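Please walk through the model below, from the overall fold down to single residues.

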Amino acid sequence: MQIATWNINSLTVRLPQVLAWLSANPVDALCLQELKLSDDKFPHETLREAGYEAAVFGQKTYNGVAILSRRPLHDVVRNVPGSSDAQARVIAATLETPGGPLRLVNGYFVNGQAPGSDKFTYKMQWLQALQDWLRAELAAHPRLVLLGDFNVAPEDRDSYDPVGLAGTIHHTAEERAHFQALLALGLHDAYRMFDQPEKSYSWWDYRMLGFQKNRGLRIDHILVSEALRPAVRACAIDRAPRKNPQPSDHAPVTVTFAD
DNA sequence: ATGACGGTGTGGCACCGA
């Protein structure tokens, strides 16, 4: 059983790369962020031919999230229930697996631009609403995975320049406290359950040869609930798609569970 | 301090991302 997350920065542009990646990495489910298209433009048919059905929460131009799955999805929820968020940033669904139902919560977390900005305030409010909802969601669905583009580098080792970038967006104490609060709900960073290469990142700036110089951040995460933790076998970042022509600035991250 | 790259929109640059 494999679940992956990938911010593809426009599904319109990246659909061929998504199909190629799924062909080489036939994961059970792939959570996408930054579709940048409305629901009516979503390529259901093409993905179905590749063996995946999709639960979609699209938005024109910005944001947009989807869960692709080889098996049926049910109990789909779009955005945090009760929130009045105008942006399409969360989609949750349940996947039936041999080990029982698996609740997937796919998030495109707010960027936040800079501490002190209105967007940063929105980020803090958004993170709080997510946390409040997840507490209940975890109680209802013990086997839960929270994954996506968190837009938070949780620790200094998750940044190429933790000193120079200290206190800037993705690196602030407030953002990191929110990440820790998610862990405190009983979630575990699957990537850090294993020995990993140093300077492991999931995003690299398009500019200034960021990828070539490995000037990146680890901001795409897969958190697993306590009930799932014993079943986690591996977690890896796949840097290969970042070497494609016209790559996304993010790399996919995959978690492997024992069946 | 700024912009560098890339995507989208109805564009001739502005906005956004991270």
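Predicted model: local features only at pLDDT ≥ 70, side-chain atom pairs only at ≥ 80, totals over all residues.

Chain A is made up of 4 helices and 14 strands. Its C-alpha atoms occupy a box of roughly 45 × 40 × 40 Å along the principal axes. For 259 residues, a compact globule would have a radius of gyration near 18 Å, and the 17 Å of chain A agrees with that. Of these 259 residues, 43% count as buried.

Helix α4 covers residues 173–184 and has 12 residues. From first to last C-alpha the helix reaches 16 Å, close to the 16 Å expected at 1.5 Å a residue. Which residues of α4 are buried? They are Glu175, His178, Phe179 and Leu182. Viewed down the axis of α4, these buried residues fall within an arc of 100°, so they line one face of the helix.

Just after α4, Gly186 adopts a positive phi of about 110°.

Elsewhere in the chain, Ala54 sits in strand β3, which spans residues 53–57. Is Ala54 buried or partly exposed? Ala54 has 18 C-beta neighbours inside 10 Å and therefore counts as partly exposed; a residue needs 20 or more to be buried. Leaving out residues up to four places away in sequence, Ala54 touches Phe42, His44, Leu47, Ala66, Ile67 and Leu68. Gly82 is 28 residues from Ala54 in sequence, and the two C-alpha atoms are 24 Å apart in space.

The last part concerns the DNA. How many residues lie around DNA strand B? There are 22, of which Ser10, Thr12, Asn111, Tyr206 and Arg207 come nearest. Sorted by class, the surface near DNA strand B has 10 polar residues, 6 nonpolar and 6 charged.

Definitions and conventions. Residues numbered from 1 in each chain as written. Chains lettered and ligands numbered in written order. Helix = DSSP H or I, 4+ residues; strand = E, 2+ residues; numbered from the N terminus. Expected span 1.5 Å × (residues − 1). Buried ≥ 20, exposed ≤ 12 C-beta atoms within 10 Å, placed from the backbone. Arc of directions from axis to C-beta. Near = placed C-beta within 6 Å. Nonpolar A, V, L, I, M, F, W, Y, C, P; charged D, E, K, R; others polar. Contact = placed C-beta atoms within 7 Å. Rg over C-alpha atoms; globule rule 2.2 N^0.38 Å.
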